[in-house]
Amino acid sequence: MEPSPTLARRFWEAVEPLHAVAYFAPEPAEAARMLGLPSWWMGYFAGRVAPLGPLDAPATTSMCYGFEPGMVERALPDAWAYTTPEAVLSTRLDAVRASLTRLLPPTATATMEPLADLLERAVRACRFDGRPLAAGWANVRRPAHAAERVWLAATVLREHRGDGHVIAAVHEGLRGLDATLTHVATGAISRELIQPHRGWTDEQWEDSRRRLTARGLLDRTGRLTRTGGELRRHIEDTTDRLAADPVSALGETGIEEAIRLATPLSRHLIDTGVIPVPNPIGAPRP
């Protein structure tokens, strides 16, 4: 079967909110606080890279591509003076299980096992060349609880796609902030929403705008030019193509079944206000 980019993107849209509870539900933030981490963002970066060990800021910045380096430096490696990657990972898994159990309706229980099976099959098909975040999460021991299995598999799949997105953007000569500005220029997300969450100053934002304008990717109003629009579509299409391994492994029938099972759960998280749309992740309502 030739993987469909549209199917790969629909798969991500259906599954992404199940991963995103780690950022929007209170339980993971409280778990990080109980470990002694003094800020939400310290918990975020420590939680994101925990399977890879006690990383420093430069290594984390290279993977968390859209964040201002100083923002990462304020979190790592200082987080490891308060706790360990192993403790962060263990408490995060417990916290997301508690979040999903509390937030999803009782009828979700029957969905979790078959969805976990499908997502884990998809994970086993992934290749991790040039994908450090995905590789790290794929090496985490499989949990016993179905909700944790769903979250962990969703996390591997989203980091697999995210790592591929970084590859695609870097290949086109975009820095992390440049990629953010081109995303904003599509109208899918606002500067007001994304800039504070990524830590970029107004001066850095303006430098990127000038850089992209000089390349002919943005016009003087900050909108995508025709060339910029083509580049952005090419990056998204490449991201879909690089995320095609799970589609190939499950086939259209398997992916459609995973989408069918995941979509009501993800919509519930969005429709009940747990995960806002729009959001800094860029995940839409599936």
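Leaving aside residues up to four places away in sequence, arginine 48 touches Tyr23, Cys64, Phe67, Arg92, Leu133, Trp137, Arg158 and Glu159, where contact means heavy atoms within 4.5 Å. The model is a predicted one, in which local features need pLDDT of at least 70 and side-chain atom pairs count only at pLDDT 80 or more, while totals for chains, interfaces and linings use all residues. Numbering runs from 1 along each chain as its sequence is written, and side-chain values use heavy atoms, with hydrogens and water left out.

Arginine 48 sits in helix α3 (residues 40-49); helices here are DSSP runs (H or I, at least four residues), numbered from the N terminus. With a relative accessibility of 11%, arginine 48 counts as buried (buried is under 20% relative accessible area, exposed over 50%, partly exposed in between, using a 1.4 Å probe and protein chains only). Its side chain also makes a polar contact with that of tyrosine 44, at 2.8 Å. Such a contact is a pair of N or O atoms within 3.5 Å; within protein, one must be able to donate a hydrogen and the other to accept it, and residues adjacent in sequence count only if both atoms are side-chain atoms.

Tyrosine 44 is itself buried, at 8% relative accessibility. Across the whole structure, a search turns up 10 aromatic pairs. In one of them, the rings of tryptophan 40 and tyrosine 44 are stacked, because their centres are 5.8 Å apart and their planes at 20 degrees. (Rings of Phe, Tyr and Trp, the last by its six-membered ring, pair if their centres lie within 6.5 Å; planes under 30 degrees apart are stacked, over 60 edge-to-face, and the rest tilted.) These two residues are four apart in helix α3, so about one helical turn separates them. Tryptophan 40 is partly exposed, at 38%. Tryptophan 41 pairs with tyrosine 44 too, but edge-to-face: 5.1 Å centre to centre, with 70 degrees between the planes. Tryptophan 41 is partly exposed as well, at 25%. Ring pairs link Tyr23, Trp40, Trp41, Tyr44, Phe45 and Phe67 into a cluster.

A cavity is a set of points on a 1 Å grid over the protein atoms alone where a 1.4 Å probe fits but cannot get out, and lining residues have an atom within 4 Å of a point. The largest has a volume of about 130 Å³, and its lining includes Trp12, Arg158 and Pro246. Helices α1 (5-24) and α9 (146-171) are the elements giving two or more residues to that lining.

Conventions: 1 Å grid on protein atoms, 1.4 Å probe; cavity = no way out; pocket = protein on both sides within 12 Å on 5 of 7 lines; lining within 4 Å. Points joined across faces, edges and corners; volume = space filled by probe spheres on them.
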